[in-house]
Amino acid sequence: MPVDSRLLNILACPVCTAPLRADDRETSLTCGEAGCGRSYPVVGGIPVLIADEELAAASVSGSLDS
């Protein structure tokens with residue numbers, strides 16, 4: 001389920017407050033700040049913007065280096 005575009009326009013990274021952008025499948029939101037780059041899951045169309053959840057989202061999306 002996609003994130004409502006009006007909501008996406010006002011969401012910000014809870015760590016650095018930079019704007020977030022949706023991935024192609026809209027299953028995660030990624031921070032646009034080059035130094036941050038955190039990724040947060042979208043569950044049932046609802047972004048989970050909890051900093052502790054960021055690591056789990058990154059490992060699911062495959063964005064963690066091994």
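These notebook entries record what I looked up in the predicted model shown above.

**Ground rules.** I number residues from 1 along each chain as its sequence is written.

**Confidence.** I began with pLDDT, the predictor's confidence in each residue on a scale from 0 to 100. The protein chain has a mean of 80, and 77% of its residues reach 70 or more. Confidence is highest in β2, with a mean of 92, and lowest in helix α2 (residues 54-61), with a mean of 52. Where pLDDT is low, predicted coordinates should not be read in detail.

**Fold.** I took helices (H or I, at least four residues) and strands (E, at least two) as DSSP runs, numbered from the N terminus. I found two helices and four strands in the protein chain. Their order along the sequence is α-β-β-β-β-α.

**Surface and contacts.** I called a residue buried under 20% relative accessible area, exposed over 50% and partly exposed in between (1.4 Å probe, protein chains only). The protein chain has 66 residues, of which 29% count as buried. It exposes about 4400 Å², and carbon and sulfur atoms supply 53% of that area; the areas come from the Shrake-Rupley method with a 1.4 Å probe, and for residues only the protein chains shown count as cover. I took a contact as heavy atoms within 4.5 Å. Among contacts in the protein chain with a separation of 6 or more, 22% join residues 24 or more positions apart.

**Core.** Which residues make up the largest nonpolar core? I defined such a core as a set of buried Ala, Val, Leu, Ile, Met, Phe, Trp, Tyr and Cys residues joined through side-chain atoms within 4.5 Å. The largest one has 10 residues: V3, L11, C13, A18, L20, L29, C31, C36, Y40 and V42. The elements giving two or more residues to this core are β2 and β3 (39-43). I then followed L20, leaving aside residues up to four places away in sequence; its contacts are L8, L11, A12, C13, L29, T30, C31, Y40 and L49.

**Cysteines.** I searched for disulfides, meaning pairs of cysteine sulfur atoms within 2.5 Å, and found zero. C13 is in no disulfide, and its nearest cysteine sulfur, that of C36, is 3.8 Å away. For C36, the closest cysteine sulfur is in C31 at 3.7 Å, which is too far for a bond. C13 is buried, at 2% relative accessible area, and C36 is also buried, at 19%.

**Salt bridge.** I required a side-chain nitrogen of Lys or Arg within 4 Å of a carboxyl oxygen of Asp or Glu. The structure holds one salt bridge. It joins the side chains of R6 and D4, at 3.0 Å from N to O. R6 is exposed, at 64% relative accessible area, while D4 is partly exposed, at 34%.

**Positive phi.** Where does T17 lie? I placed T17 in the loop between α1 (5-10) and β1 (20-22). Its phi is near 70°, a positive value in a residue other than glycine, and T17 is exposed at 61% relative accessibility. E26, also not a glycine, has a positive phi near 55°. I placed E26 in the loop between β1 and β2 (28-31), where E26 is partly exposed at 27% relative accessible area.

Note on methods: Side-chain values use heavy atoms; hydrogens and water are left out.
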